[in-house]
Amino acid sequence: MKNIQAHESVLELIGNTPLIKLNHITSGMKGSFYAKVEAFNPGHSAKDRIALYIINEAEKQGILNPGDTIIETTSGNTGFSIAMVSILKGYKCILAVSSKSSEDKIDMLKAMGAEVHVCPAHVPADDHRSYYEVAKRIHEETPGSIYINQYFNQLNIDAHYHSTGPEIWEQTGGQITHLVACSGTGGTISGTAKYLKEQNPNIQILGIDAYGSVIQKYHETRELDKDEIYPYRIEGLGKNLIPSATDFDCIDRFMKVTDEDSAHTARELATKEGLFLGYTSGAAMQGIKQFDEEKMFTDESVVVVIFPDHGSRYMSKIYKDEWMEQQGFMDAEKEAQKPITYV
Ligand code: PMP
């Protein structure tokens, strides 16, 4: 048929996300700030990029054949993206997820046809119940399967090197001075940073880490300090081990943010910028506020922040007042008395 303007499938819509200027939440700060809003991917997160890239590479190398099984450990987003790509390419998808993942996320994975195994969040990575160990075991027991292993897969970095990095360079006309990005597997920040530093080595790469994670301390000392590890609530940010998908050499600074500040800042992104985004987007924005307090930016700074996913995945958490109260993040009576304000 002629003149039908349609995409072959949602896979064609992965990447090329918009850059959106932040106009209100940044008031009083020096510099201009732009958000790379990854919620515009069809799977609503940056993980669409790595799912498609890694599966395409595995097909090219002949290690993935029709009807095979794709296995992964995931806080939810990578799982959703792999499930989506698997459906469209005819693979079975099995996911081992952390019990810290929101119920919404787990239900979404099932809706996308994935087989989901929920594993306890607060056990060491080498415990047989951890989602790493469970995924490894399923991989060993399933013939014709591949294990994506995003924390230790170089292709995770390459996916962002070939897409997110060039997009940001082009969208800013090469004027970017600072990149701010969360670090979980480290794939997003490392791949994007690698590309941007090749274009201009002066670009400052600023990573965001969580209190309770080992990443920032490791960046400073190159040693894993187990005393840094304790439970925290932000999903997808920070780690209790050192992922090889993080290239620590291309990151200039890390900033730690709290669960509470990040939750409030995510809510602020919605009410001030009309951006309804995930917990780590709040964390990244909170990191910018803290860097601004340190006078990191000048009037000439062109700061790009990557916002990893959409707010719909956190309805039962940061966007639910009861949850915020249970965490001690919100005083119910004080909130109720607040007048509605228009910014
Ligand atoms: N935010 C969210 C919501 C995530 O799921 C992840 C992935 N763990 C990240 C940020 C961090 O991205 P990366 O793994 O590429 O460091």
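Predicted model: local features only at pLDDT ≥ 70, side-chain atom pairs only at ≥ 80, totals over all residues.
## A tour of the ligand's cavity

Start by colouring two helices, α2 (77-89) and α7 (187-199): each gives at least two residues to the lining of the largest cavity.

Residues are numbered from 1 along each chain as its sequence is written, and side-chain values use heavy atoms, with hydrogens and water left out.

**Next stop: the cavity.** On a 1 Å grid over the protein atoms alone, a cavity is a set of points where a 1.4 Å probe fits but cannot get out, and lining residues have an atom within 4 Å of a point. The largest cavity has a volume of about 310 Å³, counted as the space filled by probe spheres set on the points. Select Lys47, Gly184, Thr188, Gly236 and Pro308: of the 24 lining residues, these lie nearest its centre. Sorted by class, the lining has 7 nonpolar, 14 polar and 3 charged residues; Gly counts as polar here.

**Now show the ligand.** Select everything with a heavy atom within 4 Å of the ligand and you get 16 residues, with Gly184, Thr185, Gly186, Thr188 and Thr280 the closest.

**Last stop: polar contacts.** These are pairs of N or O atoms within 3.5 Å.

- Thr185: a polar side-chain atom at 2.6 Å
- Lys47: a polar side-chain atom at 2.8 Å
- Asn77: a side-chain N or O atom at 3.1 Å

How much of the ligand's accessible area does the protein cover? The protein covers 98% of the 390 Å² that the ligand has on its own, using the Shrake-Rupley method with a 1.4 Å probe.

Notes: Polar contact = N/O pair within 3.5 Å; in protein donor to acceptor, adjacent residues only side chain to side chain. 1 Å grid on protein atoms, 1.4 Å probe; cavity = no way out; pocket = protein on both sides within 12 Å on 5 of 7 lines; lining within 4 Å. Helix = DSSP H or I, 4+ residues; strand = E, 2+ residues; numbered from the N terminus.
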